[in-house]
Amino acid sequence: MSGHRQDTIRRPARPSDPARPSDNPAWACDPYADALRAGRGPLFLRRGDGWMLPLEVERWCARADEVDLQVLERCEGAVLDVGCGPGRLVAELAARGRPVLGVDVSRAAVARTRRLGGQALTRSVFEPLPGEGRWDTALLLDGNLGIGGDPAALLRRLSQLLCSGGLLIAETVPMDVDERAEVRLVSGAGPDVGAEAGFPWARLGTPALLRHARPLGWRAADQWTAGGRSFVALRARSTSSSAEPPNSRAVISSQRPRKPLADTPVADA
């Protein structure tokens, strides 16, 4: 839906700046950008065998709904929204005064997120990001577990981005699926109209996510369903002997001023 650099946080590039390199360049191409500008589909991921997955562009471009809000209530401290899309979650957290940053390879998605008042970078999760190792919560919603087509590689990368004992909230397919394939973005106007270059993608149900996560040191914290959607909360490996009570950071961050504090990953971003 990387390498290393210093943790000094700079302001994100403006929407007019050149897009940074992406491991999934198709997300920055016309069918997706056109759908976001219109605020609606049709838009699909299409496999080589012709199977198509409809993408919920209208929901992504709307305000955060009740299911989204339940997810956001579970977030702790500074939040990184991976594959933020048009920014409904980033905007909602920012409006609450929460430190939050969205990352997405689509310039159109990042531009829309900024217009909604959120901070976002046009960047792949596998590229260097601000605050590496200091994020309290990472979000992988709206199918973004599929990013890169390699769930283990994505989980390893997120463990680098999160702090010790940090929280990952991921949305899973509401069935037992563990699938990797090359897909294309298509507009649905015809078999080839609007199709872009193929890129690797994955689809995981909750059992599959847990199978990939456990050997990498992740600990299952919770599982739930709401509004026909499925979610898993995972804890990153902790280097501390004393675990912090769940949501204690969320309580602290909800009392922060609207401008993030200087020691948060998004300070001065």
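1. Let's start with the nonpolar cores of this predicted model. The largest one has 48 residues, and Leu140, Leu158, Leu168 and Trp218 have the most contacts inside it. A second core is separate and holds 22 residues, including Val79, Leu141, Leu167 and Phe231.

2. Leu140 deserves a look of its own. Leaving aside residues up to four places away in sequence, Leu140 touches Val82, Leu145, Ile147, Leu154, Leu158, Leu168, Ile169, Ala170 and Glu171.

3. Seven strands form an open sheet in the order 5-4-3-6-7-11-10, and the pairing is mixed. Strand 5 and strand 10 (219–226) are at the edges with a single partner strand each, so one side of each has no neighbour in the sheet. From one strand to the next, the twist averages 20 degrees.

4. Ala170 has Val232 of strand 11 as its bridge partner. Helix 3 (residues 66–73) lies across strand 6 (135–140), strand 7, strand 10 and strand 11, and runs at about 10 degrees to strand 11.

5. Helix 5 (residues 107–115) is mostly covered, with 7 of its 9 residues buried; Ala109, Arg112 and Arg114 are among them. The buried residues pack against helix 1 (30–38), helix 2 (57–61), helix 4 (88–95), strand 4 (100–104) and strand 5 (120–122).

6. Both ends of helix 5 are worth checking on screen. Ser106 caps the N-terminal end, with a side-chain oxygen 3.3 Å from the backbone nitrogen of Ala108. Just after the helix, Gly117 takes a positive phi of about 100 degrees.

Terms used: Residues numbered from 1 in each chain as written. Predicted model: local features only at pLDDT ≥ 70, side-chain atom pairs only at ≥ 80, totals over all residues. Heavy atoms only, no water. Buried < 20%, exposed > 50% of the residue type's maximum accessible area, 1.4 Å probe, protein only. Helix = DSSP H or I, 4+ residues; strand = E, 2+ residues; numbered from the N terminus. Contact = heavy atoms within 4.5 Å. Polar contact = N/O pair within 3.5 Å; in protein donor to acceptor, adjacent residues only side chain to side chain. Core = buried A, V, L, I, M, F, W, Y, C linked by side-chain atoms within 4.5 Å. Pairing = 2+ DSSP bridges. Axes fitted to C-alpha atoms, helices over the stretch in contact; angles between N-to-C directions.
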